Amino acid sequence: MSATKTYKTRKFIEPAIVLRWFAFGVISLALVASWFMGQERLRKTVSVEPDAEDYVEVGSLSVSPTAIGALRIKAEANIPRNHWVTYELILLDRDGEVITSAMKEAWSESGTWSEDGETGTWEEDDLNAGLDIKLRQSETFTVAVSVLDYTTTSGQEVTDAVPITVQVSTGVPYRLPLWWGWLVTATLTWLTGRLIRSGCGRRAIFKTIPDSDIGSRGTLG
C-alpha cells in the first residue's frame, strides 16, 4: 500500500514588486500633474527704452499664498539676431519699493561655419529671465522691467525700444526635485526588477522520500 502525503502552500508575492511600481507610479503622476498646475494671472508685452535710470511698469495684482507651488514671473526679450541686451525684472511693493529683482544678460547670435570643405549656418540665443517667489502672506505688488544696456554684437549702441513679454502665474510647482525623483525611482525600479528576476525560478527543494511500500519511491520537488 503506497502512502500519499499532500503539501499545501499559497502563492508568494515579493513586496518589492508592488512597492517599486507604486513609487514609480506616484512620482510619474506627480510630474505629469505639475504641468497642469498654476494659474496665469498676467501676460503682457511692453516696449522698454534703453535707460538705466527708469523702468516700465507691466501691471499690478494682488496675490495670496498657495499651499502648493509658488509665484512665478517670467520674461523674454525680443531682439534681432546679433544683438545683446541687459534687462532687469523688478518686483515692487504697493509703496513702490523694490522687493526683489533679477538681471539678465540676453543675447541672440547667428553666423556661418566651415569645416572640411562643408559650410552652414548656426543660430543661438538666451533671452529668458525669471523669478520664483514663495509668499507667506497676501501681497499687492507691481511688476516692472528696465533695459540697462542694448548693443549689437560688435559693440555698437542701439537706441531702439526692446519688446519684453512678461508672464505672471501663481501656484507653479518647482519641477527639478520631481525630475530627480523620477530618475531615481526609475533606476531603482529597474535594478529591483533585475535582482528579482535573477533570484526567481531557482530550485529550492529536490528530495526523494521512500514511502511505506518496499520498492516504491515518492519525489518531492
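Phe 36 is exposed, with a relative accessible area of 69%, where exposed means over 50%, buried under 20% and partly exposed in between (1.4 Å probe, protein chains only). This residue of the predicted model lies in the loop between helix 1 and strand 1 (39-48); helices (H or I, at least four residues) and strands (E, at least two) are DSSP runs, numbered from the N terminus. Together with Val 32, Trp 35 and Trp 179, Phe 36 forms a nonpolar surface patch with about 510 Å² of accessible area. Patches are made of residues with over 30% relative accessible area and no salt bridge, nonpolar side chains (Val, Leu, Ile, Met, Phe, Trp, Tyr) being joined within 5 Å and like charges within 9 Å. A salt bridge is a side-chain nitrogen of Lys or Arg within 4 Å of a carboxyl oxygen of Asp or Glu, and accessible areas come from the Shrake-Rupley method with a 1.4 Å probe, with only the protein chains shown counting as cover for residues.

Trp 179 also belongs to a cluster in which ring pairs link it with Trp 21, Phe 24 and Trp 182. Three aromatic pairs are found in a search of the whole structure; rings of Phe, Tyr and Trp (its six-membered ring) pair if their centres lie within 6.5 Å, and planes under 30 degrees apart count as stacked, over 60 as edge-to-face and the rest as tilted. The pair of Trp 21 and Phe 24 is edge-to-face, because the ring centres are 6.2 Å apart and the planes stand at 80°. Both residues sit in helix 1 (residues 15-34), three residues apart, about one turn of the helix. Phe 24 also pairs with Trp 182, with centres 5.8 Å apart and planes at 45°, so this pair is tilted. Since Trp 182 lies in helix 2 (residues 176-199) and Phe 24 in helix 1, the contact ties together parts that are 158 residues apart in sequence. Trp 21, at 49% relative accessibility, counts as partly exposed, and Trp 182 counts as partly exposed at 27%.

Turning to the strands, an open sheet of five runs in the order 2-8-4-5-6, with antiparallel pairing; two strands pair if DSSP finds at least two bridges between them. Strand 2 (56-63) and strand 6 (118-126) are the edge strands, each pairing on one side only. Strand 4 (residues 83-92) and strand 8 (residues 139-152) pair in the antiparallel sense over 10 bridges, and Leu 89 stands opposite Val 145 in strand 8.

Residues are numbered from 1 along each chain as its sequence is written, and side-chain values use heavy atoms, leaving out hydrogens and water. In this predicted model, local features need pLDDT of at least 70 and side-chain atom pairs count only at pLDDT 80 or more, while totals for chains, interfaces and linings use all residues.
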